[in-house]
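Subject: Structure handover and notes

Dear colleague,

I am handing over the structure below, together with my notes on what was found in it. Please read the notes with the structure open beside them.

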Amino acid sequence: MKATLKTKYDADKSGAASTLAVNAGDVKLRASITDATIINGPSLNGLSLAVEKPGFFIVDYNVPKKDLRFQFMNTVKVAEKPLNLTYIHSWADNRTVLDGNLVLDSANKFSANHALGSGNCKLKYTYVHKHATTFEPSYDVAKNSWDFSISRKVYDDDVLKATYQTTNKALGLEWTRNLKSSGNFKIVASVNMADESKRPKVTAESTWNFEV
């Protein structure tokens, strides 16, 4: 049986989180904890459980908040192009989000995200150049603002990514290394260019695949 362990460390918050996922046939079982689950003795703080059938549905349960989150996925054809649709509903705050992306070809994709009742919609265009460089401009209708990202494969195992959010002038740099069958790790650094100190925030994340 295959399992995945994901750990994340946030230097700014001095906190960590771990996720263990186990494949059970065509369904994946997942449990996540944070340092709040362990500090001062074992507790339910920071504990969440999930059941996932990839490509079909995800059900998340936040144990301390007693909150359910449902996510359903489906794909339909529009002019012979695949349109991937996702319906997300959070029980506690009664919030529903619709997400869709239309894949025109291997290099071009349009995405839209809308929270029902919010009047807000986020639009994104993705362009992949020669299977190596990806450009992603996105537009937030409610904020009337643009965000930009560019990523590039370096060799076969590394991806470098830069992002910029115009609303808060946040610049981000990300390095991901794929460890092939054993997993991957990612380091993210971000800085608020409007902040006088311009002190970067750093997070590190690693994912390990193994047999149980």
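Helices and strands are taken here as DSSP runs, numbered from the N terminus, with a helix being H or I over at least four residues and a strand being E over at least two.

Residues are numbered from 1 along each chain as its sequence is written, and side-chain values use heavy atoms, with hydrogens and water left out.

The chain and its confidence

The chain contains 1 helix and 16 strands, and its C-alpha atoms fill a box of roughly 50 × 45 × 40 Å along the principal axes. Of its 212 residues, 22% count as buried, where buried means under 20% relative accessible area, exposed over 50%, and partly exposed in between, with a 1.4 Å probe and protein chains only. The mean pLDDT (the predictor's confidence in each residue, from 0 to 100) is 91 for the chain, and 96% of the residues reach 70 or more. Among the elements, the lowest mean pLDDT, 72, belongs to helix α1 (residues 35-38), and the highest, 98, to strand β11 (residues 133-140). Where pLDDT is low, the predicted coordinates should not be read in detail.

The largest pocket

The largest pocket has a volume of about 950 Å³, a volume being the space filled by probe spheres set on the grid points, which are joined across faces, edges and corners. It is lined by 41 residues, and those closest to its centre are D147, T163, Q165, N168 and A170. Strand β14 (residues 170-178) gives the most to this lining, with 5 residues. By class, the lining has 11 nonpolar, 15 polar and 15 charged residues, where Ala, Val, Leu, Ile, Met, Phe, Trp, Tyr, Cys and Pro count as nonpolar, Asp, Glu, Lys and Arg as charged, and the others, Gly among them, as polar.

Two strands are said to pair if DSSP finds at least two bridges between them. Strand β7 (residues 81-90) runs antiparallel to strand β8 (residues 95-103) and is joined to it by 8 bridges, with L83 having L102 in β8 as its bridge partner. The hairpin that these two strands form has 4 residues between them, and N94 in the turn has a positive phi of about 50°. From β8 the pairing continues to strand β9 (residues 108-115), in the antiparallel sense and over 7 bridges; here V103 stands opposite K109, and a hairpin of 4 residues joins the two strands.

Strands β9 and β10 (residues 120-129) are also antiparallel, with 8 bridges, and S111 has K124 in β10 as its bridge partner. Their hairpin has 4 residues between the strands, and G117 takes a positive phi near 85° there. Between β10 and β11, which run antiparallel, there are 6 bridges, and V128 stands opposite T134. The hairpin of β10 and β11 has 3 residues between the strands, and K130 in the turn has a positive phi of about 55°.

Residues in the loops

H131 lies in the loop between β10 and β11 and, although a residue other than glycine, has a positive phi near 60°; H131 counts as exposed because its relative accessibility is 62%. E80, in the loop between β6 (67-78) and β7, is likewise not a glycine and has a positive phi of about 65°, and E80 is classed as exposed because its relative accessibility is 67%.

N144 is placed in the loop between β11 and β12 (145-154), and its relative accessibility of 57% is why N144 counts as exposed. The side chain of N144 makes a polar contact with the side chain of Y139 at 2.6 Å; such a contact is a pair of N or O atoms within 3.5 Å, of which, within protein, one must be able to donate a hydrogen and the other to accept it, and residues adjacent in sequence count only if both atoms are side-chain atoms.

With best regards

Conventions
Predicted model: local features only at pLDDT ≥ 70, side-chain atom pairs only at ≥ 80, totals over all residues. 1 Å grid on protein atoms, 1.4 Å probe; cavity = no way out; pocket = protein on both sides within 12 Å on 5 of 7 lines; lining within 4 Å.
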